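Subject: Structure handover

Hello,

Please find the structure you asked about below. My notes on it follow.

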Amino acid sequence: MKRCTKEQIENEVDKARASITKHLWEGRVYKFSELRDIITKDEELANLIQLLESRGCFVRNKPSATMAGQTVPQQAVVLLTASTQEDMEEDMDTVEPQDPLFSPETGVRWEGKLRKTMKEHGLYEKHNTDSDLLSGFKKYLRDDHGIPNCKQEVDNVARFLYFMDPQEPGLQFVRDMEKTRSFFTKLSHIGLKKQTVANYLKNLKRFLRYIIYNTTLRSTDTLLHRDCRAYRSDLGDFQKSIGKQMSKEITGKRYTQMAKSSQTPQDCLRILHVAKKDFLEAIAKGTLNEELDTSQSLLILYYLQSLLMLKHLQRAGVVKNMKVSEWVKREECVLTTGGDRSRFFVIAVKVHKTATQQVATFSLNEEEQHWFHIYFTQIRTRFLNSLLMAEDDPANDKFFISTSGNPIYNPSNDMMRLHKKYNVPNVTGQVARHTFETAPKCGFTNEEKSIIADYLAHTTATSEKHNRFGQPENICRAATLLSKLARVGDSSRSDAESALSSTHTRSVATSGTCPEMSELDTLNLFIQQHPVSLEGEIPKGKIRKVITGVHDRQCYDKWREMQEKMRIDYVLAYFPRRQPSSHQIVKYIEKQGWQNNKPSVEKITELWQPQEAQESIKDNKHIKKLVKSQKWKGLLVTDDGDKGRRVVTTRKFQKGEVVCDYHGTIVTAAEGKEMMKTLSKEEMGCFFFFKNSQGKKLCMHAQTFPCHCHPDRDTFGRQTNHSRKRKNLHPEVHKMDLGGKKEYVILFTALKDLDVNAELLLDYGIGRKSFLGEGRDLVGLEG
Ligand SMILES: C[S@@+](CC[C@H](N)C(=O)[O-])C[C@H]1O[C@@H](n2cnc3c(N)ncnc32)[C@H](O)[C@@H]1O
């Protein structure tokens, strides 16, 4: 090139340099793994490497035995005490401590086939996790990240390190991005889910963060430290590309999940219904200060987390980060609806990873508040006791604590365990939020819709609005409205369902303007929020309509109808065995002080019938009054030629009704018999012999006339005639508290329905040997 210009020569030199560089990189550098793939025998491989190196070639990533001095001395990697939390992530996919009672279904399951494939591709073997490097990482995860069981994560990294260098766990891998890529490509090629591959990547990134920030590497090996940082940044790019592939898979999965679960809000709440019985039993135990076993304690913990995510639609981050101080500072809010006051408790969670700057607010009703209280005072303290904690331990202020005494790690997994335990298809918090967001809000006013939207969105504006409880009512109203949504189509009906079983209501329910929110659902919710009570008042229109919406009229009528029925039953219960007169009913209703919605006398009279249960009768005031006063109505004494006087009815009596009593004085049966002996044939005997519950023979005699207590009247019982065949009365012996003294009372009840002008007839028991009836000596008596 003598005649060439300087520029031409320089061009040629550049070309040669590029060619040599290319040769150096591509022609003279060999990867150890590639050579090993061709030559399997160690000795031959070693000879070849020796030859290549002697000719100026390079062999990359040889096992460390052949690279002595290049690995980082492990003693240089010392765990730093101060942790760097600058970019702590939400690690929702890491496996958590396993509980024998609630076995989780998380992480990679080393099913036989997968394990085999991984083994075949050299991806399964791992380094001993007790090595300095890995045990340091383990400690870092446990102490700095509060992950007590990080086995899976450490195992993943141990597997990766083994793949990169089977000899020993080292850091040289940061200088081999290509092999790193090959590890991840292989993982996905053998059929691991993209999400699992992404987990490996995430674990590796966290391992690097540990190395970079939590070890002494920065000072002991600056270059390697620099390479670790560069490698971690490259991993970020790699993660993005995997992320793209994964997002397709995950979006697809989520879409299917959403589509699958775009059922109804109450489907999302199914687990809360299914587990509720057991949960309430556990709560009841807690309320009674009885000791709860671990299974019950966990049930309470998982149920409450699920309640927050599925019913109150809080994100997992909110549940995880809710603080004790926030629980303690909960704000009471009373929604007054008509005569009823509903208490709510608003809680604001300020720090939650899902949305910094925002305050998540939710409100618990009184019952829920009690549940949380039981958890807080009994379960949480017990869990905390299982670990000796430092004063400044983060668990001290986290509201939800796991059995190990550490803050809960992943509420979503806890919720999944609860679903699994009760064999209910899992619903995630995200799906629940989506379902409630998209549920048709038929019958809601625009204002109500916006309250719900605000509540669900937690926009900054909303949080500002709600911050410091500016508008706690709205939060409570949102909770109420969400309950309303949740009850659409709910099949677990109670009072409301029976109340709505009339044909009229059914036709309204089906022809209503809002098929999504039927009248039945609305009524159910309304009754749940404003239970029908004997004394309560139905809420005033404005407050009522928050729930009743377009079904206000029907709900109003039904509520009142239910209350009226309750009041009728109440009045009827006061007259269990003796039909009350109109006057008695009016007086009794007046005594209750009901201002409106009073039941009518006619209805009560029409509905009255004697109750079968005899228990209530001995304490029944109405009967007691009649026994004391002897002013039994509906009876008349007439004269009968043959039998003397007789008692007849002046009104109808129903079978089972108390007609009158046998009023007299109690003596022993022996005394009664003695008294009978003294009677002449002409004298009439008024004796009623009976046995008390202890079998003692007694006698009620009505020989003294008029009696001292009722000198103005002859009582009906003693004028009742005998008939065995046509008897229509049945005697019942009771012991009643009459003015502070327990006394025997013999009530005559109707054996059958009695018409007007029916003679009262009792079987005196004549002829029965065991019965010392007063008429046993009578002759010529009808059968
Ligand atoms: C407890 S008193 C019944 C009221 C009675 N008839 C009166 O005038 O006072 C019982 C007496 O009534 C009469 N008596 C009751 N049942 C009768 C009957 N089936 N046939 C005839 N006399 C009867 C008998 O004289 C009997 O001693």
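Phe687 stands opposite His701 in strand S11. The model is predicted, so local features need pLDDT of at least 70, side-chain atom pairs count only at pLDDT 80 or more, and totals for chains, interfaces and linings use all residues. Residues are numbered from 1 along each chain as its sequence is written.

S11 (residues 697-701) has two partners. Strand S10 (residues 687-691) is joined to S11 by 5 bridges, and the two run antiparallel. S10 and S11 form a hairpin with 5 residues between them, and Gly695 in the turn has a positive phi of about 90 degrees. Strand S9 (residues 665-668) also runs antiparallel to S11, through 4 bridges; here Ile666 has Met700 as its bridge partner. Strands count as paired if DSSP finds at least two bridges between them.

The secondary structure of the chain comes to 31 helices and 15 strands. These are DSSP runs numbered from the N terminus: helices are H or I with at least four residues, strands are E with at least two.

Of the 783 residues in the chain, 33% are buried. Buried means 20 or more other C-beta atoms within 10 Å of the residue's own, with C-beta atoms placed from the backbone. Helix H25 (residues 519-529) is mostly covered, with 9 of its 11 residues buried; among them are Glu519, Asp521, Asn524 and Phe526. In helix H19 (residues 429-438), the buried residues are Gly429, Val431, Ala432, Thr435 and Phe436. They lie on the same side of H19, because they cover an arc of only 160 degrees around the axis (the arc of the directions from the helix axis to the C-beta atoms).

The largest nonpolar core has 102 residues, of which Phe137, Val157, Ile300, Tyr303, Leu304 and Leu482 touch the most other members. Such a core is a set of buried Ala, Val, Leu, Ile, Met, Phe, Trp, Tyr and Cys residues joined through C-beta atoms within 7 Å. Helix H14 (residues 294-311) gives the most to this core, with 11 residues. At least three residues come from each of domain 2 (74-261) and domain 3 (265-485), with bounds from an automatic or database domain assignment. Another core, of 28 residues, lies apart from it and includes Phe653, Val659, Phe689 and Ala702.

Leaving aside neighbours within four places in sequence, Leu304 is in contact (C-beta atoms, placed from the backbone, within 7 Å) with Trp371, Phe372 and Tyr375.

Regards

Notes: A residue is buried if 20 or more other C-beta atoms lie within 10 Å of its own, exposed if 12 or fewer, and partly exposed in between; C-beta atoms are placed from the backbone. Two residues are in contact if their C-beta atoms, placed from the backbone, lie within 7 Å.
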